[in-house]
Amino acid sequence: ACSGLTPVRARPWRANKERAFALFAGKPVDRMPIKLFSPYIGMNFGVSYQEAFVEAKSRAHWLIESYKRFGQDGLSVNYRLDGIPVAFGAESTYDPTGIPIIKEYIVKDFSDIHQLDLEKIRFENDTNAQTTYETVQIIQDELNDEIFTGVGFMGPFTTAANLAGTEKILKSMRKDPEGLHKLLDFAADITIEVGRKFVENQIGIGLAEPTASLLSPKQFREFVIPYYVKVMDKWKEWGSRGAGFHICGDTTRLLETFPEMGIRGVSIDSAVDIAVAKELVGDKLSIMGNVSPVDILQGTPESIEQAVIECFRKCWDNPCGFTIAPGCDIPVQTSLENIDAYMRAARKCAKYPVQPSNWE
C-alpha cells in the first residue's frame, strides 16, 4: 500500500524537478505531473531522424526546445531501442519514423551466449550509452538542473528478443525454456551493466518491455519477473530508488503481476482501461497513462481534451498517484498544435484542488 498525494494551493514551486521528486517521495505537490513521451521530438519540429536523435548535442537541443514550448514534467533520453545488439556488433537500420530494424540477429543458438563479451556494453566501450549520458548532461547544464531528466532502456525480455529474434524467444518458452532462461539471465546482466553509469549518478531509469506484452500471466511470471527482480535488486544496491516500467498493448491480463516486479510504477498503453488498472494495482503502484497517441495525432483540440478528461475521470484519485501521459510515444507526424492541445487539456485537469469542475 502507499499514501496518496496531498494537494497544496499556494506554495511556489522552483522547478519541475522539485515537483517530480516530491511526487516520488509521496509529499505534497501543487498539481499532478504531466508527461509527454517523445524520444524523436525533433522530427515533430520538422527535422530529420539524424538531426533529431543521433548526436548528443542535437538530441538535447530538441528535447530542450520541446520543454520550452510544452512545459512537460520530465524529459526522457532514450538509449537506442537496438542499442544492445548494436553494441555487440549487430547491424541495424531505421525506418522513416525512427523504428529500428536489426538486419541479422546475433544469437543464432543459445549456445552462442558465451561468445558475447559483457565488456562491450560497459560504459567506456558503449558509444550509445556515452551519447545518452552526454545528452542528459547537456540538458541538465543548459536548464540549470531545472527538470527531471531520465533515461529509457529496453528490459531483459525485449533485450533477449532483440538479440535472438522475437519468434525464437516465443517458441523457446515451450521448446527450450532452459536455454531461454540462460539468455534472459544474461540479458538481465546486460541491463544491470548498461544502467550502472546512470544509477551511480542518480539518473532515473525507465524500462520498456514491448515484446513481453505477448505473454500470458504464467509466462510473464516465469520469463520476465525473476529477471526484473534481479535488475532492481542490484540497482537498489547502487542507490536507485527503483525504476519505472512501460509496456505496450492490451496488458489487462498481466496487470496483477506488475507489483511483483520490484518497480515503483507502471506506464500503460491506451489499449488498457485505466479504471481497471486502478482497481487491480492502484493501491500498490503509481499509474501513468494513457491517452491514445493516435487520438493526439489525429484529433482536434476538442477531441484531445475529451480523451485527457476521460483518463483523469477514471484515475486521478489512484491511491499511489497518477500521472497523465500518452499511452506510448507521440507519433513523429503529430503536429505541434495537437501536442499543445494535449498539454493545455492536461494542465486544466491537473490543477489542484483536483475536482470534476476543473474539466467540466
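## A walk through the predicted model

Asp145 sits in the loop between helix 6 and strand 4 (149–154); helices (H or I, at least four residues) and strands (E, at least two) are DSSP runs, numbered from the N terminus. This is a predicted model, in which local features need pLDDT of at least 70 and side-chain atom pairs count only at pLDDT 80 or more, while totals for chains, interfaces and linings use all residues. Residues are numbered from 1 along each chain as its sequence is written, and side-chain values use heavy atoms, with hydrogens and water left out.

### Backbone points to look at

Asp145 is not a glycine, but has a positive phi of about 60 degrees. Its relative accessible area is 32%, so Asp145 is partly exposed; buried means under 20% relative accessible area, exposed over 50%, and partly exposed in between (1.4 Å probe, protein chains only). Gln202 also has a positive phi of about 60 degrees without being a glycine. You will find Gln202 in the loop between helix 9 and strand 5 (205–208), where Gln202 is exposed, with a relative accessible area of 65%. A further backbone feature is the cis peptide bond from Gly289 to Asn290, with omega near -25 degrees. Asn290 belongs to strand 8. For context, most residues other than glycine have a negative phi, and most peptide bonds are trans.

Asp269 is placed in the loop between strand 7 and helix 12 and is buried, at 13% relative accessible area. The side chains of Asp269 and Ser270 are joined by a polar contact of 3.3 Å. A polar contact is a pair of N or O atoms within 3.5 Å; within protein, one must be able to donate a hydrogen and the other to accept it, and residues adjacent in sequence count only if both atoms are side-chain atoms.

At the start of helix 12, a side-chain oxygen of Asp273 comes to within 2.9 Å of the backbone nitrogen of Ala275. Which residues of helix 12 (residues 274–281) are buried? They are Ile274, Ala277 and Val281. Seen down the axis of helix 12, these buried residues fall within an arc of 55 degrees, so they line one face of the helix; the arc is that of the directions from the helix axis to the C-beta atoms. Their cover includes strand 7 (265–268), strand 8 (286–291), helix 14 (301–315) and strand 9 (322–326).

### The nonpolar core

The largest nonpolar core has 113 residues, of which Phe220, Phe258, Ile324 and Tyr342 touch the most other members. Helix 9 (residues 177–200) supplies the largest share of this core, with 11 residues. A nonpolar core is a set of buried Ala, Val, Leu, Ile, Met, Phe, Trp, Tyr and Cys residues joined through side-chain atoms within 4.5 Å. Not counting residues up to four places away in sequence, Tyr342 touches residues including Ile34, Leu36, Val291, Ile304, Val308 and Ile324.

### Charged side chains

The structure holds 21 salt bridges, a salt bridge being a side-chain nitrogen of Lys or Arg within 4 Å of a carboxyl oxygen of Asp or Glu.

| Salt bridge | N to O distance |
|---|---|
| Glu91 and Lys103 | 3.9 Å |
| Asp185 and Lys230 | 2.8 Å |
| Lys278 and Asp317 | 2.9 Å |

Glu91 is exposed at 53% relative accessibility, and Lys103 is exposed at 55%. Asp185 is partly exposed at 32%, as is Lys230 at 28%. Lys278 lies in helix 12 and Asp317 in the loop between helix 14 and strand 9, so their pair ties together parts that are 39 residues apart in sequence. A network of salt bridges links Glu119, Arg122, Glu193, Arg196 and Glu200.

Methods
Contact means heavy atoms within 4.5 Å.
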